[in-house]
Amino acid sequence: MLNRIQAPAFSFPQKFQLRKPEKVLHGNIPIHLFDYPKNEVCRIDWVFHNQFVQGLNFEINERVIKFLLEGTVHKTSEQIISALDYYGAYIDLKAGTEYHTISIYMHPGFAAQVLDIFVEVLNEASYPQHHIQTLLQIESDKLNVEIQKTSYQARKTFLEALFGGAHPMGYFPKPQDVLQLAEEDFAQFKSLVLDQSKLSVYITGKTHGLLEIVQNAIDKLAWKSSDKPTVPAQFILPSFLSRLQKVHLDQANQCTLRLGHPSLRITHPDYIGLHITTTLFGGYFGSRLMKNIREDKGYTYGIYALLNSYSDQGVWVIASDIGKAYWEDAIVEIKKEMRLLQEEKVSAEEIHLIQNYIKGMLLNQFDSIFANTDKYIAIQQGIVPEFYFESYFEQLNQLDSDRIQHIAQTYFKPQALLEVVAGNFND
Amino acid sequence: MITYQSHSLSNGLRVISHYDDSTPLAILNILYDVGAKDEDPEKTGFAHLFEHLMFGGSVNIPEYDTPLQMAGGENNAFTSNDITNYYNQLPASNIETAFWLESDRLLSLAFTPKSLEVQRSVVIEEFKQRYLNQPYGDVWHHLRELSYTQHPYQWPTIGKEVSHIEKARLEDVKSFFFKHYNPANAILVVAGNCKPEHVFALAEKWFGPIENRNVYVRNIAKEPIQTASRTKKINAKVPLNALYKTYPMSDRLSEGYIAADMLSDILSNGKSSRLYQRLVLEQKLFSSVDAYISGELDGGLFTIQGKLNKNVPFEKAELAIQAELDKIQQEKVTDEELHKVKHKQITSQHFGLLSLFNRAFSLAQGELLGNPLLVQEDQVRFQKMDAETLRSFAQNQFNPHTSNTLYYTADAQ
């Protein structure tokens, strides 16, 4: 008779290792190759390091980087995109807080043709004024839609309070600011991208024959020599105040909650411990917060606790969209759960669960060939310490209830939270 | 092409195995042939609410998620108008845990009142978060009601209204389960680093003993062929006016479906597409515009939607869309356009199939329609389409008598 009560046996690998690429230097530019010869596709990432050296900030960079593809001296945006489409290629432009990435997805057979287009775009991007004005209007209209969302308002208010409006992470442009982006903003961004001291290249997929094509492209790029070494900008963070801050939105049907405080950066020795404890607390479907606020009370569709590390400070935050009638009670419950982790030891069973769950996640994260590259880039850019994933695995194995309690007592601050609620408080 | 082997159990469960030894992972995907179209018009949102209840404990296992997490797995599920799909991803060595959990909840659920009470409340919050608390969030409630007069596609999977979910009783839940959750009504796919013989043995072990319950015979009203265009106007607190047009599509398995897919690519896939270039950049009528198809099995919708720039009247925007639709019916698309959408489709297929889940789901979806490789064979048909055939399909697709237009008007603020 089949035993349906007893779970089948399961097992895990004993350790975890990130796959490393082959590395080639072309001049001073490192090129990394992750070869997966069975695949029919490839991705080439052009990564430009950016340590907040620019006057431009994250919200602006995110928009400005997209305009690189919007016209060159010789081609309109339609011609550029049509040419890429013709080869079935796709260029993804991503501005990050610490590095910007231009990713080219394509069939490796067309790499030479596609990189020719890429080189032309970077060398000759011209930001045609009339066309750019149309795009800025569109961006500004989109932002007008965004700012009516409780989730946007809560995020903005929270990050402004933590970083201050002058910081790249704390500045949120108004729709009219977006409209006023001008040539110098684009030029500044372009000079960053054409600074070869900041570049590294990563090739993932079927890499056969691609190295030479990439080297050729690098040689054809019109590099600007940076006359002065860039110094990372220094920001003074506002002193942290715990308080309740409400943002009223007439049309809101629900409240967005953001609760949190400054926390550890990824380089801190306790970061991984806090990351694990935060996952147990609110980072997965079986977390304490999900069990209480969603599965027991039904106040929300989802609630999460996250630990984010930025270059100036870490941020510990709880986020949820919650029924209008429940937000006050939800805050009480969240604090209760924080104190519970500080006061009571976690059971061996729950520790075992979080260990296995995170091990599975570490493996599950690598469900495509590009995921490994993404993690590797973060390490190469100095965002994630080397051997971070390996030591995460080790620390998981050593986890015990004393350690979790100690971490919660040291780094959870239920009495000193910034509490942001965006919603309709009229009725 | 995705390689696979298949096997049927005597209780009617169809099992498909896709073996890939380059990954340490495996996915168990189970698709049930039940969706929002199987709901009572007075009890809408039920298939989706039920999807939530499937995580509330089964007859032998009090909780679904914890044992899966213990084996390093994660799961998710979604409901559409046609199907309900559940999947688990975990280290391949632990695949049996997924078999154990999935088979127990097909055997029977725990049906606890607490689970119903909580999930009802969670789904109501989901309703608010995704459909009411977002600008334009309720648009598909209006569009479905306008586009379908008889067929149950006239309501979205979340349900017509919150009150339907509030009124759900435990009796309804039980009868829904025994009506639709049945081995013969399900397709099981295991993809990843598990050999087919292992997959089939585990399927026999865990699913084999579940008896074949009465198979529900679907009897759904056909949507009558539309003979006159329909319009609707609504006002809401949103920043911009928005225009939506839908046209009923031909059968999912017909050539017309492939043509519609291609037409939507030519009109709006990417920034070199027609609608973006003409209506957004040149004529500056819209801040965004999109054309896309939905894949409902009994006939989906070809949708064109856009947000109007300030001071652009609806009439002018609508005429501009019509001009593009006229053009694609009257003139053949250029060789370059044809070439472009075909190349793009090949690359996106290759990139899409890197994902293990996409491979598993594509096999399950295809099997539901009688051919596991359907999705890929569609892509071959897409590559073969020529400009003249496409033009003639466009004439059927954009018949003006079958259009449904929604004017979503921004209240003055």
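Where is Tyr136(B) found? Keep that question for the third stop. The model is predicted.

**Stop 1: chain A as a whole**

Select chain A. Colour the chain by secondary structure and you will find 15 helices and 11 strands. The radius of gyration of chain A is 24 Å, close to the 22 Å that the globule rule gives for 427 residues, so chain A is as compact as a globular protein of that length. Along the principal axes, the C-alpha atoms of chain A fill a box of roughly 65 × 60 × 45 Å. Of the 427 residues, 58% count as buried. Then draw the contacts between residues at least 6 apart in sequence: in chain A, 81% of them join residues at least 24 apart.

**Stop 2**

Select Leu244(A). This residue lies in strand S7, residues 243-248 of chain A. Its relative accessibility is 43%, so Leu244(A) counts as partly exposed. Leaving out residues up to four places away in sequence, Leu244(A) touches Trp327(A), Glu419(A) and Val421(A).

Move to Phe387(A). The place to look is the loop between helix H13 (369-380) and helix H14 (388-397) of chain A. Check the backbone there: Phe387(A) is not a glycine, yet has a positive phi of about 60 degrees. Most residues other than glycine have a negative phi. Is Phe387(A) buried, partly exposed or exposed? At 45% relative accessibility, Phe387(A) counts as partly exposed.

**Stop 2: inside chain B**

Switch to chain B and return to the opening question. Tyr136(B) is found in the loop between H4 and helix H5 (139-147) of chain B. Phi of Tyr136(B) is near 65 degrees, a positive value in a residue other than glycine. Tyr136(B) counts as buried because its relative accessibility is 7%, below the 20% cut-off.

Next, select helix H1 of chain B, residues 46-53. How many of its eight residues are buried? Eight of eight are, and the helix is mostly covered. Show the side chains. Among the buried residues of H1(B) are Phe46(B), His48(B), Phe50(B), Glu51(B) and His52(B).

**Stop 3: where chain B meets chain A**

Show both chains and select the contact. It takes 68 residues from chain B and 72 residues from chain A. The two chains bury about 6000 Å² between them, 58% of it on carbon and sulfur atoms. In chain B, select Gln69(B), Met70(B) and Asn133(B). These lose the most area to chain A, together 12% of what that side buries.

Now colour the touching side of chain B by element. Several elements each supply at least two residues, including helix H2 (65-70), strand S5 (84-91), helix H10 (274-282) and helix H12 (335-352). Which element gives the largest share? H4(B) does, with 11 residues.

Terms used:
Residues are numbered from 1 along each chain as its sequence is written. Chains are lettered from A and ligands numbered from 1 in the order in which they are written. This is a predicted model: local features need pLDDT of at least 70, side-chain atom pairs count only at pLDDT 80 or more; totals for chains, interfaces and linings use all residues. Side-chain values use heavy atoms; hydrogens and water are left out. Contact means heavy atoms within 4.5 Å. Buried area is the accessible area (1.4 Å probe) that two parts lose on being put together, summed over both. Helices (H or I, at least four residues) and strands (E, at least two) are DSSP runs, numbered from the N terminus. Buried means under 20% relative accessible area, exposed over 50%, partly exposed in between (1.4 Å probe, protein chains only). The radius of gyration is taken over C-alpha atoms; the globule rule is 2.2 Å times the number of residues to the power 0.38.
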